[in-house]
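Hi everyone, thanks for coming along. Let me put the structure up, and then I'll walk you through a few places in it.

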Amino acid sequence: MTKISNNGFILIVDDNPTNLSVLSEALASEGLRFRVAVDGESAIAQAERNQPDLILLDVQMPGLNGFETCRRLKANPVTQKIPIIFTTALADMDSKTKGFSLGAVDYIPKPFAQEEVIARVRVHLRLKQLNEFLEQQVRDRTAALQQAQVKLVQQEKLSTLGELIAGIGHEMNNPINFITSNIPPLEEYIGGVTEILQLYQQEYPNPTAKITTALEDWDLEFILQDMVKILDSFKLGTERIRQVSTSLRTFCRSDSDTKVPADLHQGLDSTLMILQHRLKGNGDLPGIEVIKKYGTLPEVNCYLGQMNQVFINIIANAIDALDEAINKGKMSNKIPQIQITTEINSQHWVVIRIADNGIGIPERLKQRLFEPLFTTKPVGKGTGLGLSIAHQIVVEKHKGTMEVNSQPGIGTEFKIAIPSVSTTV
Ligand SMILES: Nc1ncnc2c1ncn2[C@@H]1O[C@H](COP(=O)(O)OP(=O)(O)O)[C@@H](O)[C@H]1O
Ligand SMILES: [Mg+2]
């Protein structure tokens, strides 16, 4: 059954009272609402004001005739889309064609046959409804597509960035190898040179004046001791670069297609390594102590790259919360700490808790944490996306749960739980 929209009506435009009453009766007998206008000018004014669902327009009227009225209605963006049906006694082909070319959807010949009027009106009301429905659908789909596109672009950027970083991690290997593989022979040579010099000193206890001056200028004793220390720091340094390289590659592991069994501790450790520069502290900020209480975890079927994204977002937030507390002078009597606890619970879910003793979260903000774009940080620092992405990864991608516990001034704990075995066998 075709309905007229709420508040909708049909506008009848005719200068002839008989025609008006015939049309009105026909529409009223079907329960269709209508209004009337007796000339073109007032029809346009009404159409603009009240947006009828359909206009029945007489062609021959004094003043503005139907064609001209139609042309103006179609030229006006406000009334453009209202379907117009001409009512006309002009049976000749020319005026019908002219009506259609002006944008009319149909015509009804006079004298009126009631059934025909009703049938045509119903068809066009229905068409208009369908049209609007389709237009709405196109609008909805376009909006959805645009959103999907933004997401795709973001993902694409992230994956390019991920590949780049994994690439850097890999490329760092060769130069590190040059250094590490040359340290042992260098160590040996230094040992040799030291031994030879000491032998010289024993065998020739009275060197020439030139040699004595050089020995004093260079402080040979010190050099020999310090070279060993320098070598040790090379070893430490290269070992650390190697760890960073491994972390970069682990962190960026591109595994977006399938879940793979993974060691979440490795993920947590590589994340901590990447955030090391922020944990270490500097002139103004004291370092943050990281306490790891790792339980024994099975390998977990997951998208490790994405889980790392969850970890980095939560840990970076914890660091921010600690920095804020420090800057506000609220950490004077406690050591800034982040505690990471892992365990497997009785349902065989892996539970990861990341807790900080920073600024905390006021009760009224808790509900909003996982909203996209919700941030309390200044422009340029916070995007408000971290937790919403983390939530999506844990809950939608891994069928897990994510909760937050917080007390302002005491600290915050995020608890993530994900099933350790995939539900699919
Ligand atoms: N550990 C935490 N301590 C205090 N507040 C937090 C913590 N983690 C998140 N928040 C709050 O949640 C908000 C949203 O976090 P997030 O989605 O990561 O966006 P962003 O870090 O860009 O602001 C933060 O602005 C902050 O107010
Ligand atoms: Mg964040």
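**A short tour**

Just past the end of helix 11, Gly 329 has a positive phi of about 70°. One thing to keep in mind as we go: this is a predicted model.

Let's step back into helix 11 itself. It runs over residues 304-327, which makes 24 residues. From first C-alpha to last it reaches 34 Å, close to the 34 Å expected at 1.5 Å a residue. How many of its residues are buried? The count is 17 of 24, so helix 11 is mostly covered.

Now for the overall layout.

Next, a pair of helices. Helix 5 covers residues 114-171 and helix 8 covers residues 220-251. They pack with their axes 8 Å apart, at an angle of about 150°. Because an angle over 145 degrees counts as roughly antiparallel, that is how helix 5 and helix 8 are described. The crossing of helix 5 past helix 8 is left-handed. Where they meet, helix 5 brings Ile 165, Ala 166, Ile 168, Gly 169 and His 170, while helix 8 brings Ser 245, Leu 248 and Arg 249.

One last stop: Val 193, in helix 6 (residues 173-203). Is Val 193 buried or exposed? It counts as exposed, because it has 12 C-beta neighbours inside 10 Å. Its C-alpha lies 9.4 Å from that of Leu 224, 31 residues apart along the chain.

Notes: Residues are numbered from 1 along each chain as its sequence is written. Chains are lettered from A and ligands numbered from 1 in the order in which they are written. This is a predicted model: local features need pLDDT of at least 70, side-chain atom pairs count only at pLDDT 80 or more; totals for chains, interfaces and linings use all residues. Helices (H or I, at least four residues) and strands (E, at least two) are DSSP runs, numbered from the N terminus. The expected span of a helix is 1.5 Å times one less than its number of residues. A residue is buried if 20 or more other C-beta atoms lie within 10 Å of its own, exposed if 12 or fewer, and partly exposed in between; C-beta atoms are placed from the backbone. Axes are lines fitted to C-alpha atoms, for helices over the stretch in contact, and angles run from 0 to 180 degrees between N-to-C directions. Angles under 35 degrees count as roughly parallel, over 145 as roughly antiparallel, 65 to 115 as roughly perpendicular and the rest as oblique. A crossing is left-handed if the near helix is turned anticlockwise from the far one by less than a right angle, and right-handed if clockwise. Two residues are in contact if their C-beta atoms, placed from the backbone, lie within 7 Å.
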